[in-house]
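Visitor: Hi, could you walk me through this one? I am new to reading structures.
Guide: Gladly, please have a look at it first.

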Amino acid sequence: MYESSKLRILLPSSGSLYQGSMQFMANAGLQVEKESDRKLTGSVKGEVGIEIIFQRSGDIPLSIDNAMGDVGITGLDRYLEHCEYSKRSYVLKENLMFGDSKLVVAVPDGWIDVTTVADLIEVSYEFREKAQNLRLATKYPRLVRRKLEEFGVTNIVLVTASGGLEAAPVVGYADIIADITVTGTTMRENNLRPLDDGILFESQAALVASKSISKDVKSEFDDFVKAVEFEKN
Amino acid sequence: MKDNVKNDRVERLFNFNDLGPTDINLLRSLEEKCLNSLKNSEFQLVDPPAIESSDLFFRKSLGSTSSSTYTFMDFANQQISLRPDFTASVIRLIFSDEIKSKFGFLNKTCYSGPVFRYTVANSDPIQIYQVGAEYLSDKGSDADTEVLRQAINCLSLTGISDYSLSLGHVGILRHALINEGYNSSIVELVMSNLESLEGDEGFSYLVKKANLLKLLKGTNEPQAIATFDDLGKKYASRISSDIGLREKQDILNRYYSKISNQVSEGDLLDCLNFTQNILGFSLKDFLNNQNSNLSKSSEDYGEFVIVIQNLLSEGINEENIDLDFTLTRNLAYYNGIVFDLKTRNSLILGGGGRYDDLPQRLGYVFDEGCSGFALNLSRIIELMSN
């Protein structure tokens, strides 16, 4: 746990979540200032009690959960993957109206018999009967496992991968994938087809907070909460 | 905002309980009573490790409990889990060469100790103390009666006399539906959603679900395709692309079967009515129903009736037995009788049933019967403390 007399806000360092976060802060009346594009620290104009740290959005959930920051903006999917049941952090505000994404299950297009999750369940048993495992590659193993269980899909081995999931069936380390998509174009170009009912999770950017905020920054935290409550998106 | 203020004290983990002297003494005393009783009935005490290969538990439940199972990578990069229950570990122990060579085949075993299940939405403790037994024997009513008898006896030894026994059978309803001529896709849909039939919206929910799953006629474009060969020609280029480990023939076979198995909405509703009628049976209805289609549906029916009659003749009060065919516990796992032991206000204190395929699923050669039960001693001592 870090010790600071300032409220520490973690923001995504790049990509659409960076742009959206900067706009979100501005809409809440908090003008984030940064000396250069490469600098990973910043401040809020006129707010000496706040410091800004820029991090990869995927690292922000665990940083907040480990109390390395007080509040942060990240994708809800990323947060739930790491911290859904954490007692050390919580979602302060969902659906910040940017950073839209869908976590979708896709199968090889040649699997013409598989169009729904129920088909997938049957095929998983087909694999089991041949002493094989149906393997699903994903960057979100915990979230995917939980969501698949809600759908009744249990007989699947998850393979955690960090990128290039669409190639997994061709390379051979997985049979199907669950990945974030917006339009599905990359999946289609790689001969993968999302299931008709295969959206496991729809997500936007979310504001998350630590449950270990120091008494020294409590008033700054309360002011920040008020500011984002009235944020005009 | 009080909860958000930093607190440097190391606290007990959420949903884990400390047991003080009173509770642990009570727990040990109940554990001893149950184990002594089981040992007197020739069950042999075993104690498998609390940590096993994750595969053991995932194979047992086909992964259905994997998100509530504590799973880690160990120092040797093996995926390991804290046991979510004893059954899989005890079966593994029974079939281990070392145990078999020292003790022979242990067909009656008992156990006690903690199990670990991560719970999300409620305040149930994660570390639960169980006592229970596994019985590997012939399939049939004798073994089912023995397991039920031991479970009820152990519960009464803990001092709980006012209980209800929810009793179901996974095989009877399934066979009845198949005997009525409903096709397998509809039977699976109904069997997987029995609880939804208890609500007012059950029928419309299942019709909607069947539509979504394309089980109903008129919802899928390939209706026009008449023969298997037509399908092969139409989709030849698509199934020539990368299809991973699956075979082209399997894909075509399954697709053809999927199309030809579609039923009308009327057939589905008929099946739902038939099912709902059976679910409404009381114990008396069931015992008096021996000339109906249900009784002819399978040998399971006759065996199940014998089990109930055995329980009644052993002095179990009829009012304590609640027939419940929606009770499936876990369809992927149980294949015969299933039961829960509950308080009058439906708090589950234990349960069990028959799972004959489990040894095979864990990789052992065995084609006889396998059943067992476990009591939740943590819940029982909590109940007694209150």
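Visitor: Is Asp197(A) buried or exposed, and why?
Guide: Bearing in mind that this is a predicted model, Asp197(A) counts as buried because its relative accessibility is 15%, and buried means under 20%.

Visitor: Okay, and where does Asp197(A) lie?
Guide: Asp197(A) is part of strand 11 of chain A, which covers residues 192-203.

Visitor: What does the side chain of Asp197(A) reach?
Guide: The side chain of Asp197(A) reaches the backbone nitrogen of Val117(A), at 2.9 Å. If neighbours within four places in sequence are left aside, the residues in contact with Asp197(A) include Thr115(A), Phe151(A) and, from chain B, Leu212(B).

Visitor: Switching to chain B, what is the order of the strands in the open sheet?
Guide: The open sheet of chain B has eight strands with mixed pairing, and their order is 1-5-6-11-10-9-7-8.

Visitor: Which strands stand at the edges?
Guide: Those are strand 1 (44-45) and strand 8 (321-323) of chain B, and each has a single partner strand, so one side of each is left without a neighbour in the sheet. Strand 1 of chain B is joined by two bridges to strand 5 (residues 108-116) of chain B, and these two run parallel.

Visitor: Which residue is the bridge partner of Gln44(B)?
Guide: In strand 5 of chain B, that partner is Thr109(B).

Visitor: And what does helix 14 of chain B lie across?
Guide: Helix 14 (residues 299-313) of chain B lies across strand 7, strand 8 and strand 9 of chain B, and runs at about 165 degrees to strand 7 of chain B.

Conventions: Residues numbered from 1 in each chain as written. Chains lettered and ligands numbered in written order. Predicted model: local features only at pLDDT ≥ 70, side-chain atom pairs only at ≥ 80, totals over all residues. Heavy atoms only, no water. Helix = DSSP H or I, 4+ residues; strand = E, 2+ residues; numbered from the N terminus. Buried < 20%, exposed > 50% of the residue type's maximum accessible area, 1.4 Å probe, protein only. Polar contact = N/O pair within 3.5 Å; in protein donor to acceptor, adjacent residues only side chain to side chain. Contact = heavy atoms within 4.5 Å. Pairing = 2+ DSSP bridges. Axes fitted to C-alpha atoms, helices over the stretch in contact; angles between N-to-C directions.
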